[in-house]
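Thanks for coming, everyone. Please look at the structure on the screen while I talk. I'll start with a term or two, then walk through it.

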Amino acid sequence: MMRQTHLLQRLTVSLLLVLLAWTDVALSDIKIQNWHTRNGARVYFVPAPELPLVDVRVIFDAGGARDGNKPGLARLTNSLLTEGAGKLSADQIAERLDRVGAQINAGSLRDMAWVAVRTLTDELPMRETIGTLSLILGEPSFNKKAFNRQQKQMLISLDAEEQSPSDIADRAYFEAVYGKHPYASSPAGTRESLKSIKRKDVIEFHKRYYVAKNAVIAITGDMTRLGAEAMAEVIISSMRKGSVAAPLPPVKPLEKAVTRHIEYPSTQTHISIGQPGVTRNDPDYFPLYVGNHTLGGSGLVSRLMEEVREKRGYSYSVYSYFSPMRAQGPFELGLQSRNDKAQEARRVAMETLNKFINQGISDEELEASKKNITGGFALRLDSNKKIVQQIAAIGFYGLPLDYLNTFKDKVNRVTKKDVQEAFKRRLDSSKMVTIMVGPKDIKQKAVTGNKAKNMSKQH
């Protein structure tokens, strides 16, 4: 058991070294093969024969956006998949996978939920791993003891979230930007909603969303197309055919600016500014991506860093990003500033954003952004795990099969005009949400040192 685990770890390191040695030609020639299983799951496969490893990632349209009136249900369901399946307990699942040196992880976000495994390609490890994955996906037991334990753990996580200004700001930001849209609710749930969830709710959620036609299977590793086809059929064999999840409603644009200040006894104020952005398939994606790299996505050399941190010292970190999702994901500008400088930092950040929207990007900035993005592209594909995540996302969002091959070309084709027009179309600085978490009355309520820590514990 230990020998196989150590072998898998050594092979993982070796695979990283092999992939890091790939040329740009190899990285630009990833051929994704695509088909459907007999019961309707979509499969995306990239052979990688360098080492005897296989990575599998199964994604479902079963994220927090599907919670309905019970926020936290999707995440609770996903967390229980490995806590018992068929006749196997959680310990037996862990022992079974550890015995053959396999790895497993699962997770849930707003758009999606997934289970992923890595295994050696020898017959026994692969048979045990894929058979266990199939059982976990299709026949989870959702036993009462595990349900109670995971429900309690999620409630404890909410306690930690309430002590984190950044988590408080993030939750308030999504609520303000998305209103009644499913994206408004945190996938972590609320205290009230988590307490209201029953075991039968988890069973029904799994029955509805963890079905073949709502699944994408991504496979990368040392196997043939025929082997991948057989593997996909085994993975999906214990699932109902079911149906795809209903389309999410469109996101309504903000009608006016909204500012909310949440009182919190901290030495820094956390600020989130933004509005609905773009979908994953939006034609403006590449101009926005390239432009935002200059605005706030490139670390210390971004405009926001230059204006807010380098010139004025208002914040150690300031950033911006578009997070495209199935429906319109958010554009967010974020920073943390000393309390007495928070309003001024916010003003400078907004001035920088407005200037970028109105005046656009310079020739030098455009060229630097393109070089930085394309130069770092290989790092997105420097391991099987990253490749399988990329092709899973391509399948989930319905992107072209040549997306990875054409990525650099699409970046390089972006013009100054493209960037400016896309930012003007997609962002309206007069209708942005602003969330500030920190003391409201700086003179009376700013706190430091041990006093701040004590007050934080009482919150």
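First, a term. Axes are lines fitted to C-alpha atoms, for helices over the stretch in contact, and angles run from 0 to 180 degrees between N-to-C directions. Helices (H or I, at least four residues) and strands (E, at least two) are DSSP runs, numbered from the N terminus.

Now the housekeeping. This is a predicted model: local features need pLDDT of at least 70, side-chain atom pairs count only at pLDDT 80 or more, and totals for chains, interfaces and linings use all residues. Residues are numbered from 1 along each chain as its sequence is written, and side-chain values use heavy atoms, with hydrogens and water left out.

Two helices to begin. Two packed helices are described by the angle between their axes and the distance between the axes. Take helix α5, residues 123-138, and helix α10, residues 225-236: their axes come within 7 Å and cross at roughly 40°. α5 and α10 are therefore oblique to each other. On that scale, angles under 35 degrees count as roughly parallel, over 145 as roughly antiparallel, 65 to 115 as roughly perpendicular and the rest as oblique. Which residues of α5 meet α10? From α5, they are Met126, Ile130, Leu133, Ser134 and Leu137. From α10, Met231, Val234 and Ile235. Contact here means heavy atoms within 4.5 Å.

Next, strand β7, residues 113-120. Eight of its eight residues are buried. Buried means under 20% relative accessible area, exposed over 50%, partly exposed in between, with a 1.4 Å probe and protein chains only. In a regular strand the side chains alternate between the two faces of the sheet. In β7, Ala113, Val115, Val117 and Thr119 point one way, while Trp114, Ala116, Arg118 and Leu120 point the other way.

What pairs with β7? Strand β3, residues 53-60, runs antiparallel to β7 and is joined to it by eight bridges. Phenylalanine 60 stands opposite alanine 113 there. Strand β6, residues 103-108, also pairs with β7 in the antiparallel sense, over six bridges. Asparagine 105 stands opposite alanine 116. A hairpin of four residues joins β6 to β7. Two strands pair if DSSP finds at least two bridges between them.

On to the rings. How many aromatic pairs does the whole structure hold? The search finds 18. One of them is tyrosine 173 with phenylalanine 174: edge-to-face, 5.8 Å centre to centre, 85° between the planes. Both residues are buried. The rings of phenylalanine 286 and tyrosine 403 have centres 6.2 Å apart and planes at 40°, so that pair is tilted. The rule: rings of Phe, Tyr and Trp (its six-membered ring) pair if their centres lie within 6.5 Å; planes under 30 degrees apart count as stacked, over 60 as edge-to-face and the rest as tilted.

Phenylalanine 286 counts as buried at 11% relative accessibility. Tyrosine 403 is buried at 5%. Ring pairs link both into a cluster with Tyr285, Tyr289, Phe377 and Phe407.

Last stop, tyrosine 44, in strand β2, residues 42-47. Tyrosine 44 is buried, at 7% relative accessibility. Valine 388 is 344 residues away in sequence, yet 8.9 Å away in space, C-alpha to C-alpha. Thanks; over to you.
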